[in-house]
Each structure stands twice: as C-alpha cells, then as structure tokens.
Amino acid sequence: MKREYERRHSRWYEVLLLGLGFHLLVGMPLVIMLPSLERWGWEFWHYLPDVRTNTVIAIALAFLASALTLRRMARFPGAQLAAYIIPTVSLTFLIAVAILFFTREGYTRQVMLGGYLVSLVWFFLGYFIGRRFRKLKLALVPFGDTRRLLGTRQVDLRMLDSTDLGGVRFDGVVADLRATDLPAEWERFLARCTLNHIPVYHIRQISESLSGRVQIDHLSENEFGSLLPSLMYVGFKRVVDFLGALLLVPLLLPLMGVVAVLIKRDSPGPVFFLQPRMGYRQRPFLMYKFRSMHHDMSGEDFTISEDDPRITRVGMWIRKYRIDELPQIFNILKGEMSFIGPRPESTSLSEWYEQDVPFFSYRHVVRPGITGWAQVEQGYAAEVDGMSKKLQYDFYYIKHFSLWLDVLITLKTVRILFTGFGAR
C-alpha cells in the first residue's frame with residue numbers, strides 16, 4: 001500500500017497510544033497502584049479483604065467511566081475538554097462513593113481520594129501531551145462548496161491541488177459529493193481513498209460537526225426514520241428526570257421561598273408566571289416560571305431585548321442566573337419537560353413558525369428542557385430574530401440525542417450558571 005494513501009493514526013502503536021486501550025493498560029493500573037501502594041504497602045494484593053476490593057473496583061469503574069465520557073464528549077463541537085476534566089472525574093468518583101455509601105460497603109477513603117487525584121493528573125497530562133495529535137487533519141477536494149470551510153481553526157484543513165495526497169497522512173478527505181463539476185479523475189481518487197480506509201466525508205457532515213448545527217434546508221435529505229431518537233434512551237432519560245426532580249425538590253424549596261418573597265416585595269403581582277407552551281409530541285402544557293416582568297405592562301409574548309423595560313429589578317437578576325426557571329421542576333415531575341431538551345415555545349409562536357419554517361414541528365419529537373444545546377451554544381436569543389439559528393442547534397441535538405451530549409450540556413450549563421452567559 002502506497003504511503004500517500006495511508007490514514008493518519010492508523011499504525012499499531014498510534015492506535016494503542018491514542019486509543020482507549022492505553023487508558024486501560026497503563027492509566028488504570030497507575031491510578032489503582034499508586035494510592036494503594038502508598039496506603040497498604042508493597043504486595044498489598046496478597047491480602048484483599050472486602051474493604052480493599054471494594055476500593056479498587058470503585059476506582060477502576062470511576063476511572064473507566066471518566067475515560068469513556070471524556071472521549072465521547074470530545075467528538076462534539078465546542079467541547080473544551082480541559083475545562084470538563086475536573087467536573088467529569090469528580091462526578092464519576094462521587095457516584096462511586098455514593099453507591100458504596102448507600103449499599104453500606106466499606107472502602108478506604110485515603111486510597112479513593114488518591115485514585116481521584118491521580119486520575120486528574122493522568123487526564124490532564126493526556127490532554128496537554130496529545131492535544132496536537134487530536135486536532136483533525138482533513139484534505140479538501142477543490143470543487144463545489146468545500147472552500148467555505150477554509151479559515152476554520154478547529155481543524156487543520158488543506159486544499160488539494162491534485163489527485164495525490166503527497167505523502168501526507170490525513171484523518172479524512174472532504175468533498176462536496178453533490179458538486180456538478182466534480183471530474184471523473186477526482187471521483188476515482190475518492191474511491192481509492194475509501195479502498196485504503198481513508199474516510200471520505202460530504203461537506204455537510206463536517207460543517208455540522210464543526211458548527212453544532214443542522215441546516216434546516218438539508219433536513220429533507222435525511223430519512224426521518226434514522227433521525228428518530230432511541231426509545232430506550234427516551235425511557236431511561238424520563239426515569240432519570242423524575243428521580244432527579246424528586247430529589248431536588250426538597251433542596252430547592254427554601255431557595256424558591258426566598259425568591260418568592262423577593263418578587264412580592266419588588267413589584268405587585270403574582271409570584272409565578274404561567275404560559276401555554278407547546279410540548280412533547282405537540283401537546284400544549286402550562287410552563288411554570290417565577291415572574292420576572294411587571295404584572296401590569298403588556299407587550300409581546302417574548303423578550304424584546306436585554307433592556308426590555310418590562311423586566312423588574314429582581315427579574316433581571318433571576319434571569320441572569322436562570323433562577324426564574326426553577327419552578328419548571330414541577331413540569332419535569334409531571335412528565336411535560338426534561339432537564340435537557342429544546343426550549344419550549346409559546347403555543348402562539350409555535351403555530352406561527354410551523355407555517356413558515358420547514359420541519360419546525362420536528363423539534364417536538366423529544367421533551368422540551370430547562371436547558372438545551374441551543375442555549376449553551378447560542379445563548380437565550382430573542383425569540384424571533386434567533387429562531388432560525390436556534391432551530392439548527394435543536395435539530396443537531398435531536399440528531400445526536402444521547403447520554404454523552406446530555407452530559408456535555410449539563411457541564412456547559414453549570415458553567416453558565418456561574419458566568420451568566422447568554423442570559424436574557
């Protein structure tokens with residue numbers, strides 16, 4: 001096989017070093033052995049009572065879960081992996097400790113903490129050492145719309161000037177497969193790349209993966225059956241939503257009580273704002289929110305701008321940190337909403353959009369959420385002006401509906417809660 005048709009990272013040692021196998025063969029033993037040796041001494045494995053066994057298994061499972069989650073999240077656009085290493089590893093180890101606590105199984109705290117710290121060091125080292133190797137290197141076929149990808153900093157894009165890779169190993173080749181001016185010799189070139197296991201991507205695939213959006217006018221090119229969310233994950237997510245809301249309600253009630261008092265003291269009117277929204281499978285429901293606008297001021301169904309005069313002083317603050325959304329936890333308990341999903345639109349706006357925006361109703365194939373992919377990527381844009389772009393994010397979420405994308409959205413949402421990004 002010619003060198004110029006060899007795929008990047010395809011050699012056996014590259015597959016081992018950059019794959020999950022390296023984490024399992026090198027990383028996991030280090031994470032387990034270093035804190036165990038420090039606490040229990042050499043040859044600790046000759047004596048493994050339940051406490052030691054439980055600790056070792058918990059560290060191994062938490063490390064494996066962290067590695068899988070980080071690898072999966074790295075595939076999505078905008079996933080600044082270094083920012084999510086600490087939250088991801090912390091969450092997996094907390095879950096492991098919680099399971100041991102509730103099952104009343106013994107474990108050694110010092111070794112568990114050591115495993116957690118070594119895991120953080122391992123993943124950070126892996127990120128900084130391998131950062132340049134993870135950046136995609138793609139070759140562009142110079143026909144059709146591929147030139148519009150140039151200037152993208154997320155990947156290394158190189159425009160080809162002939163049907164020859166010039167000895168450079170690429171992760172894949174990008175072409176506009178619907179270009180009418182694609183010569184036959186370039187079609188044969190793409191076929192040779194495929195035969196040598198070098199992926200050939202249509203420009204739309206790469207554009208979506210870089211932007212995190214699905215173009216509305218391209219949705220018709222897909223088979224709707226292949227875009228339907230997994231029913232198994234839909235059911236699993238509903239169970240997690242219900243249990244999570246049930247646990248959070250007692251914790252949030254004191255905060256909600258304080259917010260209610262502040263709203264009443266700030267301006268006259270009811271504490272809660274109830275608005276008809278279009279929900280799962282186009283079923284209307286009443287969405288609960290804390291009132292953030294003056295009760296006696298009329299206007300549009302949506303926020304006009306950041307300095308909308310209808311917003312109260314308390315309303316500005318609770319909007320910035322999403323506190324006005326807290327009552328929606330009761331919508332989650334009722335099965336009308338999820339923690340994560342496309343934001344529900346008012347029924348009046350939904351009816352309007354369905355007349356003018358192709359496939360608008362398709363966003364109702366999953367439950368609407370308190371936060372979603374559009375909110376963490378775009379921010380809370382004005383209802384009308386940002387709808388087209390917001391729909392593109394919503395369609396991307398539906399197309400890639402999965403646990404890993406939900407985990408990434410959760411981590412991004414936590415960051416937003418502390419920064420106030422995108423508040424409206």
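Author: In this predicted model, helix α9 gives the most to the lining of the largest cavity, with 4 residues. Helix α9 covers residues 231–266, and β7, at 338–340, also supplies at least two residues of that lining. The cavity itself has a volume of about 80 Å³. Its lining has 13 residues, and the closest to the centre are Val-234, Lys-237, Val-366, Arg-367 and Phe-401. By class, the lining residues of this cavity divide into 7 nonpolar, 2 polar and 4 charged. The structure holds 3 cavities of 30 Å³ or more. Rolling a probe the size of a water molecule over the atoms shows where empty space is left.

Helix α9 comes up again in an open space, the second largest pocket. There, too, α9 gives the most to the lining, this time with 12 residues. This pocket has a volume of about 1,900 Å³. Its lining is made of 50 residues, and those nearest the centre are Leu-91, Val-240, Phe-339, Ile-340 and Thr-410. Two or more lining residues come from each of α3, α4 (81–102), α9, β7, β8 (369–371) and α15 (403–419). Sorted by class, the pocket lining has 35 nonpolar, 9 polar and 6 charged residues.

UniProt, in an unreviewed entry, places the feature "transmembrane region" at residues 12–33, 53–70, 82–101, 113–130 and 242–263. For the span 82–101, the model gives 100% helix and 0% strand, with the end C-alpha atoms 30 Å apart. The span 113–130 is likewise 100% helix and 0% strand, and its end C-alpha atoms lie 26 Å apart.

Helix α3, one of the elements that line the pocket, leads on to the packing of side chains. The largest nonpolar core has 57 residues, and those with the most contacts inside it are Phe-123, Trp-373, Tyr-397 and Leu-408. Helix α3, residues 50–73, supplies the largest share of this core, 8 residues. Trp-373 shows what such a position looks like in detail. Leaving aside neighbours within four places in sequence, Trp-373 is in contact with Pro-77, Gly-212, Tyr-393, Tyr-396, Tyr-397, Leu-405, Leu-408, Ile-409 and Lys-412. Another core lies apart from the largest one; it has 19 residues, among them Leu-252, Phe-285, Val-314 and Ile-332.

Thr-69 counts as buried because its relative accessibility is 10%, and the cut-off for buried is under 20%. Not counting residues up to four places away in sequence, Thr-69 touches Thr-88, Trp-404 and Val-407.

Two other buried residues lie elsewhere in the chain. Gly-19 sits in the loop between α1 (12–18) and α2 (20–40). With a relative accessible area of 14%, Gly-19 is buried. Gly-19 touches Glu-14 and Arg-71, again without residues up to four places away in sequence. From Gly-19 to His-9 there are 10 residues in sequence and 9.8 Å in space, C-alpha to C-alpha. Tyr-353 belongs to helix α12, residues 347–356. Its relative accessible area is 6%, so Tyr-353 is buried. Tyr-353 and Ser-388 are 35 residues apart in sequence, and their C-alpha atoms are 9.8 Å apart in space.

Arg-104 is in the loop between α4 and α5 (109–134), and His-197 is in the loop between α6 (184–195) and β4 (200–202). Arg-104 is exposed, at a relative accessible area of 79%. His-197 is exposed as well, at 62%. Most residues other than glycine have a negative phi. Arg-104, however, has a positive phi of about 55 degrees, and His-197 has a positive phi of about 65 degrees.

The whole protein gives the setting for these parts. It has 15 helices and 8 strands. Of its 424 residues, 48% are buried. Among contacts with a separation of 6 or more, 74% are between residues 24 or more positions apart.

Terms used
Residues are numbered from 1 along each chain as its sequence is written. This is a predicted model: local features need pLDDT of at least 70, side-chain atom pairs count only at pLDDT 80 or more; totals for chains, interfaces and linings use all residues. Side-chain values use heavy atoms; hydrogens and water are left out. On a 1 Å grid over the protein atoms alone, a cavity is a set of points where a 1.4 Å probe fits but cannot get out, and a pocket is an open set with protein on both sides within 12 Å along at least five of seven lines; lining residues have an atom within 4 Å of a point. Grid points are joined across faces, edges and corners, and a volume is the space filled by probe spheres set on the points. Ala, Val, Leu, Ile, Met, Phe, Trp, Tyr, Cys and Pro count as nonpolar, Asp, Glu, Lys and Arg as charged, and the others, Gly among them, as polar. A nonpolar core is a set of buried Ala, Val, Leu, Ile, Met, Phe, Trp, Tyr and Cys residues joined through side-chain atoms within 4.5 Å. Buried means under 20% relative accessible area, exposed over 50%, partly exposed in between (1.4 Å probe, protein chains only). Contact means heavy atoms within 4.5 Å. UniProt positions are given in the numbering used here, feature names are shortened, and annotations may be inferred rather than shown by experiment.
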